[in-house]
Structures are given as C-alpha cells and as structure tokens.
Amino acid sequence: MNITHGLRRALQINPHGLAVVCGERRRTWGEIGERVARLAGALQALGISGGDRVAILSMNSDRYLELYLAAGWAGGVIVPLNIRWSAVENEDALRDCRATVLFVDKAFAAVGATLAQAIPTLRLVHADDSEAPAGMDDYEALIARSAAVPDAMRDGADLAGIFYTGGTTGRSKGVMLSHTNLMANALNALGEGLFPGTATYLHAAPMFHLANGAAMYSLLLSGGSNVIIQGFTPEGVMAAMQRDRVTDVLLVPTMIQMLIDHPALPNYDLSSLKTIAYGASPISEAMLDRAMQALPHVHFIQAYGMTELAPIATLLHWNEHIGEGRAKGRHRGAGRATLGCEVRIVDADDKPVPRGTVGEIVVRGDNVMMGYWERPEETARAVIDGWMHTGDGGYMDDDGFIYVVDRVKDMIITGGENVYSVEVENAIAQHPAVAQCAVIGIPSDRWGEQVHAVVVTKSGATVTEAELIAFCKPLIAGYKCPRSADISYKPLPLSGAGKILKRELRLPFWDNRERRVR
C-alpha cells in the first residue's frame with residue numbers, strides 16, 4: 001500500500017466528489033487526479049525517478065497537496081521544508097538529502113533563488129498564481145505541457161518522505177518515513193474514527209508539519225474534502241469554517257488559544273465544526289476548559305506522538321474529557337495506544353516498569369520510522385528491537401492510559417515546534433561576550449513553553465537581553481531564538497561530573513506549577 005492508493009480509489013469510486021477547496025478554487029478528485037498525473041510526468045521530465053528527492057518550501061496551498069501526491073506518483077520522495085527555518089538551515093537540509101528540485105511559492109521565491117545560488121544543481125519551480133520569476137519553471141505551465149503518466153506504484157517499504165526535525169547538534173535529522181509508515185498511521189487514525197470520508201477538513205496548521213500530515217494522509221485515504229488556507233489566523237480559520245462548512249481541524253494549543261480568545265468568535269457560524277484534534281505541544285487544563293466552554297458542541301481529541309512515528313502513538317478521545325473519564329483525571333493524560341501501536345514504559349536499562357512508575361515512553365508498530373537519513377548510529381540509539389524511544393518521560397495507569405510528565409531529551413516545545421536547547425546554546429555561545437550559557441523552557445501562557453537563556457558573561461564583557469536575541473536571529477529560526485534571558489557573572493550550577501544542573505535553573509519557573517506535555 002502506498003500514499004497514492006487513496007487517490008486511485010477516489011478516482012474509481014468518487015471522481016466527481018469535492019476534493020479540494022483553496023480560496024476560489026474548487027476541484028474534484030477527478031481533476032486532482034489528472035493534475036497529479038501530469039505533474040508527475042513533469043517531475044519525471046525534470047529527472048525525478050525512483051527515490052529522488054523533491055523539496056517544497058511554501059505556505060499552505062492546494063498545490064502543496066498535489067505535490068505530496070505527485071512526488072510519490074512519479075516515484076520520488078517528498079521533502080517538506082520548514083517555513084520558519086532560516087535560509088541557512090534549509091540549505092543544510094537540501095544539501096543533506098541532495099534534493100534536485102525545489103518548489104517555492106511567492107512568499108519564498110527570493111529565498112529559493114538564494115538557495116539555488118548556493119546549490120547550483122537545484123532546479124526551481126514557482127508554485128503560485130503569480131508569474132514565475134526569471135530562472136524558475138512555472139508550476140501550471142509544467143502541468144499544461146506534460147502528459148499524464150501512470151502511477152509508479154511504489155512499494156510499501158520504499159521511502160516516501162524525509163521530514164526534518166530539530167537536531168540535538170547544529171544539524172537537523174531527516175526522519176525517513178516509508179509508504180507503509182504513513183499509510184499505517186493513516187489507517188490507525190481512520191480506525192479510531194478520525195478524519196472519515198464524510199469529513200470536510202481544514203488545513204490550518206502548516207502543511208510541512210506532520211501534525212497536519214496525520215490528518216492529510218487519512219483524508220487522502222478516506223476521500224474526504226480538503227479546505228486549505230494559506231496560514232493560520234483566527235479570523236481566516238473562522239471565515240473558512242463558516243464558508244465551507246468545515247467539520248474537522250487539527251490545531252496546536254497556541255492556535256486554540258488565539259481562536260477562542262478572539263473577540264470576533266461570536267460573530268461566526270461554526271455550527272458545522274464537529275472535531276478539533278489537538279497536540280504537538282503542552283496545553284494547560286485551564287485553556288482546555290475554556291476551549292470546551294467556548295465551543296461546547298465540538299469534540300476535542302488529543303493526539304500524542306512524534307515525527308518518527310508518522311506521527312501518532314496515542315489518542316485521548318473526546319469522551320475521556322468529560323464525565324467519568326474527567327472524574328478519573330484522564331483529561332490530563334495523553335490517552336491510550338492507538339490502533340496498530342503498542343506503547344510501554346521502560347527504565348534506563350530498557351526494561352518495562354510497573355504501572356504508575358515513571359520511565360521513558362517507547363512505541364512499536366508499522367508507523368515507526370525507517371530511520372534517520374544517513375545516520376545509522378543515531379537510528380540504532382532511537383529504535384531498539386523495533387521500539388521507538390520517544391525521549392519523553394511518563395507513566396501508564398492500570399487502564400493503559402499514558403500520562404506524559406516531562407521530557408527525557410532536553411527539548412523545548414514552543415507553539416507546537418520542537419526546539420533543542422543545544423542548538424540554541426551553540427548560537428548564543430558564538431557571542432563574544434558569552435562565557436557560559438544554558439537554555440531551558442519556561443512557562444508561557446501563549447506558547448506553552450518559551451525559550452529562555454541563562455548566560456554568564458566573560459570578565460569585563462557586557463551584553464543585554466535584546467542584543468543577545470538579535471544576535472541569534474541570523475543564525476537560527478526565529479522561534480528557536482530566546483524570548484527572554486537572565487544575564488549575570490555568577491557561574492551556572494554544576495553536577496559533580498561538571499554538567500550544568502538545568503533542573504536547578506528550571507525550578508524557580510516551574511515550582512508549584514503543573515508541567516505536562518501534550
């Protein structure tokens with residue numbers, strides 16, 4: 001089974017059904033099928049064949065969805081690039097995976113041109129309504145002049161996509177997901193009742209992110225309808241929900257907060273909305289309660305997982321947020337293993353621990369990644385005997401519900417994005433005034449967590465918080481940059497082995513606060 005299976009099925013049983021709404025454009029599955037087959041032909045004409053990488057750097061659009069399908073139809077591998085990364089970070093990813101074609105929209109045309117100058121072998125395609133800049137192929141022109149080609153019919157074990165996630169060093173890791181990985185996750189979600197063929201799903205979360213991909217691949221299998229907006233804004237989401245009668249959406253907690261706090265919320269008819277799936281970062285119980293009160297007719301479902309799991313491991317269904325489930329405190333958990341997944345909690349020796357005991361969450365199933373692109377040693381450390389080690393600490397209760405209590409890996413989740421402290425520390429350490437630094441996550445009502453730096457300056461040197469933040473911006477993505485900093489001459493607390501005791505740095509911020517990972 002491969003990622004184009006759902007399209008082939010839709011072409012057979014529902015060619016006249018509504019597939020995609022993007023602004024004023026509305027296309028049926030039959031129209032999408034013809035465009036995908038022609039775009040695949042264009043990719044093959046550009047030299048894409050078995051396993052070649054096709055990258056995209058773009059805001060959300062119907063063309064993004066077409067390219068997800070066309071890359072596989074042509075026999076290639078999709079590489080969605082992070083729109084929040086710096087050009088340097090995306091250049092590193094392109095060089096790492098050796099992509100030969102890069103699709104960009106108007107918002108990233110200039111960045112694309114910069115990347116092509118740095119990587120002369122990179123072919124650029126402009127995927128937007130506006131005229132293609134000089135030196136770029138035009139997306140619509142490619143489709144118009146290309147003949148439709150048969151589906152390459154990639155095998156389930158073949159690589160389908162490389163999805164870059166933040167690394168614990170200066171380089172990101174490319175998570176390799178096979179066709180089987182992605183389809184297993186999609187079927188698991190469908191089996192749990194998410195994103196059925198009757199759904200009209202709103203792509204509001206970034207399409208490069210597998211949080212949105214969890215829903216997208218299920219919709220591609222079930223044949224539901226896709227409503228796509230360029231990017232998240234509260235009013236943009238509400239307008240699309242009202243206009244297109246959206247039934248399902250996936251939002252990270254920051255988006256939920258911005259939506260329910262928007263003063264225009266009562267002015268929109270959101271009666272069609274049935275389900276909000278949420279995840280990817282911490283959510284406070286107070287915010288969840290406010291959301292459920294603001295949208296009392298909506299079922300809230302939490303998904304917990306990671307890119308390496310394609311991405312869902314557990315689900316907390318809506319009925320566990322209320323009634324008996326709520327009385328048992330299950331609304332504070334991450335749910336139970338989804339269909340097709342096994343979850344257990346292990347100790348430092350990889351041995352299962354008793355129920356109620358905190359350890360590392362590990363997951364096994366057909367959704368576990370193939371590995372990290374060209375990083376066999378890191379893959380071997382992450383996947384042991386088929387079990388993906390998440391790096392998250394948690395426990396399982398007697399009924400199999402998982403409660404995530406902290407992260408084993410030193411990672412910060414801010415606004416749904418993973419930030420590894422070492423990467424930020426590497427940037428800060430380049431400042432000439434910095435002698436020592438540590439980066440931690442501290443509570444943020446808006447972002448769940450925010451990046452906070454604790455800096456020790458060199459003798460006689462000075463730097464301000466604003467200067468430090470500005471220094472980091474050209475080096476790493478904006479969301480990775482510190483939003484606050486403590487700067488002093490006092491040495492950082494160290495363990496007997498000379499390691500910085502980050503738990504002591506976190507304590508003043510997290511003491512007497514509930515810290516949970518969603």
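In this predicted model, D244 and R26 form a salt bridge in which the closest N and O atoms are 3.8 Å apart. D244 belongs to helix α9 (residues 234-244) and R26 to strand β2 (residues 25-28), so this pair ties together parts of the chain that are 218 residues apart in sequence. The points below set this pair beside the chain as a whole, then turn to other charged pairs and to one histidine.

**The chain as a whole**

- The fold is built from 16 helices and 27 strands, and the C-alpha trace spans about 65 × 55 × 50 Å along its principal axes.
- Of the 518 residues, 59% are buried, while the chain exposes about 20200 Å², of which carbon and sulfur atoms supply 52%.
- When contacts between residues at least 6 apart in sequence are considered, 68% of them join residues that are at least 24 apart.

**Charges and salt bridges**

- The chain carries 49 positive and 58 negative side chains, and the centres of these two sets lie 1 Å apart.
- The count of salt bridges comes to 28, where such a bridge requires a side-chain nitrogen of Lys or Arg within 4 Å of a carboxyl oxygen of Asp or Glu.
- A network of salt bridges links R25, R27, R35, D62, R63, E66, D129 and E140.

**The two partners of the opening pair**

- D244 counts as buried because its relative accessibility is 13%, and the cut-off for that class is under 20%.
- R26, by contrast, has a relative accessible area of 52% and is therefore exposed, since the exposed class begins over 50%.

- K480 and E89 meet through their side chains in a salt bridge, with 2.9 Å from N to O.

- D261 and R290 form a salt bridge whose closest N and O atoms are 2.5 Å apart.
- Here too the pair links distant parts of the chain: D261 sits in the loop between α10 (253-260) and β13 (275-279), whereas R290 is in helix α11 (residues 285-294), and the two are 29 residues apart.
- D261 has a relative accessible area of 41% and is therefore partly exposed, and R290, at 34% relative accessibility, also counts as partly exposed.

**A histidine in strand β26**

- H452 lies in strand β26, which covers residues 448-457, and with a relative accessibility of 2% H452 counts as buried.
- If its neighbours within four places in sequence are left aside, H452 is in contact with A438, V439, I440, I442, S484, A485, D486 and F509.

Key
Residues are numbered from 1 along each chain as its sequence is written. This is a predicted model: local features need pLDDT of at least 70, side-chain atom pairs count only at pLDDT 80 or more; totals for chains, interfaces and linings use all residues. Side-chain values use heavy atoms; hydrogens and water are left out. Helices (H or I, at least four residues) and strands (E, at least two) are DSSP runs, numbered from the N terminus. Buried means under 20% relative accessible area, exposed over 50%, partly exposed in between (1.4 Å probe, protein chains only). Contact means heavy atoms within 4.5 Å. Accessible areas come from the Shrake-Rupley method with a 1.4 Å probe; for residues, only the protein chains shown count as cover. Lys and Arg count as positive and Asp and Glu as negative; His and the chain ends are not counted. The place of a charge is taken as NZ of Lys, CZ of Arg, CG of Asp or CD of Glu.
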